[in-house]
Amino acid sequence: MNSEQRYRSTLGGMTPSPAWQKETLEAMQAAQTRRKRPSLRRPLTFAAAAAVLVLGITGGVWWSSRMEPDPDGPGVAQTPEPAVTPTPTTQPSAGWGESFLLVADLAQQLGSNPTAGHTYELTQLPVYTNPLPTERDQRAAIQRWAAELGYTISGPDSYTWRTSSGESTMGRDPVLEATCTDGTRLQLTGLSTLAIYDAPDLSAVAESVKLILLRNGASDTTGTPELAEESLTTYNFDGEAQTTQVTFLTTPDASVADRLYSYSFWRMELTQSQLTIYLPPADSGTVYPLRSPDDAQAAFRAGDYWGGCTTAYPDQAQILFVCLEYDITPGQPYLQPVYRILYTQSYWDELVADWVFDGVDPSPYMGLGIAYVPAIAPEYQDEVPYQRYFNDGLAHHTPEDLP
């Protein structure tokens, strides 16, 4: 990783966590007086065509003229919520402690999730264990992947192993790094995520990984698998785009559940500086019933959700899109399905206008929040507890956090 990449990586880890935001919000509001700017984003206007494409999911996709998806994108728009004019409870400074992604188009975060438009069809899904490996387990795994990718690890002294990072609650996934003879570095997190960086030609590595996905995935799926791609983009407040190119395995004739498995676990993500491979679980999983999409959205609106994005007024949020995915982020005791809820707030327009750097036109951008709600039926969540981390701690928002 060169100096520029290390600099960006360091900055990326400096985003304040929800806990830090909550503790310091009062001090920030007292110490800062911000110049308010009028909202520059066009108000959401609902396309008449969306009414023809309804699937009966409360809190589904709402489109504006700037938020239309790719017509070849992830499925059909879902039914919008009934039109409600929220009570204007937010104070002008209420949003300053909130956090969200910056996007120019909703389609830049929709992706090609196979459950889009099919969430009501799925009433149960498997949950997989995420065992805590030893250093020996990880060495064997990273050596297998090095051989499959055509790398030679430099020698016994080229390994670096650490049990965890951050606070003690983050110790679910030990990390093993290995340096190869050409300078490429391999980083295995737990047994589920392999990152490759400092490669002389990362695009050539990506082509090799695509072949591996096809070859290995063919023995793990029914039907004839093929590769599909999606692109996910967010923006920094200086207007710089951060794009992740995703390649995943899919079998067009397979069930939605089988395609979700491939989408989650036979998956490669490529950025400018790093390639990440997500590895399938070792066990066959245990099937659990799912809560409904309505119940998941109700939990979010009540303030019970997970993730790095946060809002003080989830009851006023405009829910834009809902799908199911497997949470494959580090620290999971179980690899389990979650509802991914995309939402926005009308007052985020003002924050975007204020937070973008001088000289950056805020009008193309909007704030987009992502909330995660465990998909397993609540009565079974003690058996397969869910957790998600963000920077220095658990990223769990509860009703007690609301003003």
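This is a predicted model: local features need pLDDT of at least 70, side-chain atom pairs count only at pLDDT 80 or more; totals for chains, interfaces and linings use all residues.
Local features need pLDDT of at least 70 and side-chain atom pairs pLDDT 80 or more, whereas totals for chains, interfaces and linings use all residues. Residues are numbered from 1 along each chain as its sequence is written, and side-chain values use heavy atoms, without hydrogens and water.

The structure holds 16 aromatic pairs. Rings of Phe, Tyr and Trp (its six-membered ring) pair if their centres lie within 6.5 Å; planes under 30 degrees apart are stacked, over 60 edge-to-face, and the rest tilted. Tyr235 and Tyr365 form a tilted pair, with 5.2 Å between centres and 50 degrees between planes. Tyr235 lies in strand S7 (residues 226–235) and Tyr365 in the loop between helix H9 (348–355) and strand S16 (366–374), so the pair ties together parts 130 residues apart in sequence. Helices (H or I, at least four residues) and strands (E, at least two) are DSSP runs, numbered from the N terminus. Tyr235 is buried at 18% relative accessibility. Tyr365 is buried at 11%. Buried means under 20% relative accessible area, exposed over 50%, and partly exposed in between (1.4 Å probe, protein chains only).

Phe237 and Trp355 pair edge-to-face, at 5.9 Å centre to centre and 75 degrees between the planes. Phe237 sits in the loop between S7 and strand S8 (241–250), and Trp355 in helix H9, 118 residues apart. Phe237 is partly exposed, at 24%. Ring pairs link Phe100, Phe237, Phe300, Tyr305, Tyr343, Trp348 and Trp355 into a cluster.

Arg267 lies over the face of Tyr263, 4.7 Å from the ring centre. Arg388 lies over Tyr372, at 3.7 Å. A charge sits over a ring if NZ of Lys or CZ of Arg is within 6 Å of the ring centre and within 35 degrees of the ring normal.
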